[in-house]
Amino acid sequence: HKFTFKFNPHRVEESAIVTKIINEFKSAMLPQTGGGDNKTSPSGTFGYPDEFKITYYIDGELLPSNSNNPMFNIGRSVLTNCELSYTTQDTVLFFEGTQFPVTINMALTFMEIEIMHRGKVTNKGL
């Protein structure tokens, strides 16, 4: 499942908040490291990336997870790709005197980690 977001912050402070949101997504898609004590070349084991539960809201209300839901339900997922673009009309623009971008486009790609079958789709139950 791919979701695309376009951020057009009006002030430097808003751009800084968007940057924090993006960094949280980028961090959540990577595994944790465990074991080993070498910071430049961690060894040992890797943990799993964060899992996401994706739900839809319309006018602030959660869509039901039954047959009354016009959308489909998405099972537990992991973030597999985070694409970023900072271009504003073919060039990168920053707020004056800063390194914070004026425009940020983010595309997130998720993969379900539960086994899907026809019953989950037709009954809309996850």
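This report walks through the core, the aromatic rings and one surface patch of the structure above.

The model is predicted, and local features need pLDDT of at least 70, side-chain atom pairs count only at pLDDT 80 or more, while totals for chains, interfaces and linings use all residues. Residues are numbered from 1 along each chain as its sequence is written, and side-chain values use heavy atoms, leaving out hydrogens and water.

**The core**

Let's start inside. A nonpolar core is a set of buried Ala, Val, Leu, Ile, Met, Phe, Trp, Tyr and Cys residues joined through side-chain atoms within 4.5 Å. The largest one here has 15 residues, and Phe 52, Met 106, Leu 108 and Phe 110 have the most contacts inside it. Helix H1 (12-28), strand S7 (77-85) and strand S10 (104-112) each supply at least two of its residues; S10 gives the most, with four. Helices (H or I, at least four residues) and strands (E, at least two) are DSSP runs, numbered from the N terminus.

Buried means under 20% relative accessible area, exposed over 50%, and partly exposed in between (1.4 Å probe, protein chains only).

| Residue | Relative accessibility | Class |
|---|---|---|
| Ile 22 | 2% | buried |
| Phe 110 | 7% | buried |
| Phe 7 | 19% | buried |
| Phe 5 | 36% | partly exposed |
| Val 92 | 37% | partly exposed |

**Aromatic rings**

Rings of Phe, Tyr and Trp (its six-membered ring) pair if their centres lie within 6.5 Å; planes under 30 degrees apart count as stacked, over 60 as edge-to-face and the rest as tilted. The count comes to four aromatic pairs. Phe 3 and Phe 110 are edge-to-face, 6.0 Å centre to centre with 70 degrees between the planes. This pair links strand S1 (residues 2-7) with strand S10, 107 residues apart. The centres of Phe 5 and Phe 7 are 6.5 Å apart and their planes are at 20 degrees, so this pair is stacked.

**A surface patch**

Finally, Tyr 86, Val 92 and Phe 94 form a nonpolar patch on the surface.

Notes
Patch = residues over 30% accessible without salt bridge, like charges linked within 9 Å, V, L, I, M, F, W, Y side chains within 5 Å. Areas by Shrake-Rupley, 256 points an atom, 1.4 Å probe, with all protein chains shown as cover. Salt bridge = Lys/Arg side-chain N within 4 Å of Asp/Glu carboxyl O.
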